[in-house]
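Open the model in your viewer and keep a selection panel at hand.

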Amino acid sequence: MVLNYIWIGFFLIALVVAIVKTIGGDMDVFSAIVNSTFDMAETSFTIAIGLTGVLCLWLGIMKIGEDGGAIRILSRLVGPFFNKLFPDLPEDHPARGSMLMNFSANMLGLDNAATPMGLKAMNEMQTVNPDKDTASNAQIMFLVLNTSGLTLIPVAVMNYRNLFGAENPSDIFIPILISTFFASLIGLITVAIYQKINLFDKVVLAYIGGLTLIIAGILWYFTSLTPEDLAVQSSLFSSIVLYGLICAFIIMALVKKVNVYESFIEGAKDGFGIAIKIIPYLVAILVSIGVFRASGALDFLIEGFRWFFALFTSSTEFVDALPTALLRPLSGTGSRGMMLDIFETHGVDSFAGKLSATLQGATDTTFYIVAVYFGSVGIKKTRYAIKAGLIADLAGIVSAIVIAYLFFGSTINQTQLSPNEVLNDFQTHWQTRNFEQLSTYMSEDIVLYDQTYDTIAINKEQAITQFFKTDQSTQFKNSLIQENDQYFGFIKASNETLDKKNVKLVISKQKITAIQYLGIF
């Protein structure tokens with residue numbers, strides 16, 4: 001219901017703003033709105049199809065972990081902690097197993113498995129709820145910990161970043177982990193205060209204290225690094241942890257004598273179906289956001305926030321990502337659409353793009369979870385559940401902004417270049433023989449080869465020394481083509497003696513990764 005009002009609101013507000021701008025003399029605004037509907041519909045389809053591969057990959061990996069017993073191991077690890085958080089539930093009550101499975105699945109990013117387990121847990125808790133239309137203490141604690149969205153592996157966000165060509169899709173892994181930890185911690189403390197749970201119990205202190213020390217240690221270490229080292233090491237650490245988990249899942253499955261390959265295939269099969277199912281939802285939300293942006297309404301909203309926050313701070317770069325944070329508690333689809341729009345507008349590796357991804361992963365859809373979980377058991381009186389959930393969301397949003405400045409602050413002034421800009425800049429530096437700047441547009445492991453595929457360079461130093469420094473061209477012309485999701489640049493270089501060199505460039509993630517000389521060395 002909330003998403004319905006948001007969707008309608010985007011269109012009607014865009015209409016009002018467009019009428020005002022037209023009266024003010026802007027005769028192109030309605031054309032821009034109509035064009036945006038076609039552009040965003042096409043973008044939605046491209047995104048959904050592009051997600052198919054990565055969805056298949058991660059759903060297959062998660063299926064291996066599930067069959068290998070990863071969820072059961074996590075359940076055993078956190079069992080004593082949840083005994084203290086849900087004192088009203090008998091120790092042998094079946095809801096405990098469903099809750100632990102739900103939390104474990106959520107932390108591993110198994111949303112499809114987590115939701116049915118969560119609904120099952122809510123129904124089982126309802127059996128011992130004395131007031132059937134009022135949320136019990138156990139149900140509220142369970143729901144708030146769900147809305148705070150503690151996640152170990154933010155698979156969906158990483159998939160979208162990969163789709164939009166992020167240089168390192170997993171570099172938001174640590175920021176999201178830290179942000180969701182703070183959101184969960186504040187949500188837990190809020191509910192504990194309402195329910196008078198003893199947070200100083202030795203078991204509770206051991207779990208919370210241990211997790212806090214780990215997060216504090218991570219923060220302390222990364223804050224001691226230079227911005228350059230932080231970017232490199234946080235990326236390396238994230239990649240090691242993720243690949244380590246993949247290998248751990250495989251080893252656990254081997255120990256249990258699971259057919260790992262078949263398990264992967266079984267999980268991966270769901271990837272295509274999910275990608276196809278989300279097309280209508282992506283079209284609906286991205287078209288509405290496109291209309292809202294094309295009318296100028298989104299710019300007015302962002303600039304209003306920027307003006308407000310400028311009264312208190314000079315650092316207002318985070319405002320560009322705030323639409324994601326505002327929509328996140330209301331609608332997962334809406335906030336995801338806003339995140340993708342920010343990727344498209346500002347660049348996936350821009351500060352706004354990385355902060356938007358962190359915000360998307362830092363909290364969950366509070367109102368949706370309340371509606372689905374409480375609605376499934378007929379609860380009408382939610383008590384303080386929504387208030388506590390929103391407090392947890394606010395904690396996640398604030399911590400995500402702070403952590404993003406810590407991890408990604410160095411990207412604030414970095415310009416995100418389009419493939420065409422990369423091609424033009426590369427040609428300019430070649431023409432002016434500025435080899436130092438030319439090298440910045442090449443990947444470290446760039447390959448240079450001719451039309452017979454004889455390779456003469458396997459890194460940028462060799463390419464510059466053996467090809468570009470020996471070239472005496474003075475006249476240049478370029479063109480760019482796109483084939484599926486790949487960009488190719490073509491440069492025709494010549495000099496007064498009519499010595500011609502034609503090259504083909506492969507452009508990916510703001511870098512030239514391969515150069516083919518369309519001749520023979």
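Start by selecting the cysteine sulfur atoms: the count of disulfides is zero, a disulfide being a pair of cysteine sulfur atoms within 2.5 Å. This is a predicted model, in which local features need pLDDT of at least 70 and side-chain atom pairs count only at pLDDT 80 or more, while totals for chains, interfaces and linings use all residues. Residues are numbered from 1 along each chain as its sequence is written, and side-chain values use heavy atoms, with hydrogens and water left out.

Cysteine 56 counts as buried because its relative accessibility is 19%; buried means under 20% relative accessible area, exposed over 50%, and partly exposed in between (1.4 Å probe, protein chains only). Cysteine 247, at 27%, is partly exposed.

Next, select aspartate 445. Strand S1, residues 442-450, contains aspartate 445; strands (E, at least two residues) and helices (H or I, at least four) are DSSP runs, numbered from the N terminus. Is aspartate 445 buried or exposed? Aspartate 445 counts as exposed, because its relative accessibility is 56%. Show what surrounds aspartate 445: leaving aside neighbours within four places in sequence, it is in contact with Ile458, Asn459 and Thr513, where contact means heavy atoms within 4.5 Å.

Select Trp7, Ile8, Leu12, Leu15, Ile19, Ile23 and Phe30, which form a nonpolar patch on the surface with about 660 Å² of accessible area together. Areas come from the Shrake-Rupley method with a 1.4 Å probe; for residues, only the protein chains shown count as cover. Isoleucine 23, in helix H1, is exposed at 72%.

Finally, select everything. The protein has 21 helices and six strands. Of its 521 residues, 50% count as buried. The protein exposes about 24400 Å², 63% of it supplied by carbon and sulfur atoms.

Notes
Patch = residues over 30% accessible without salt bridge, like charges linked within 9 Å, V, L, I, M, F, W, Y side chains within 5 Å. Salt bridge = Lys/Arg side-chain N within 4 Å of Asp/Glu carboxyl O.
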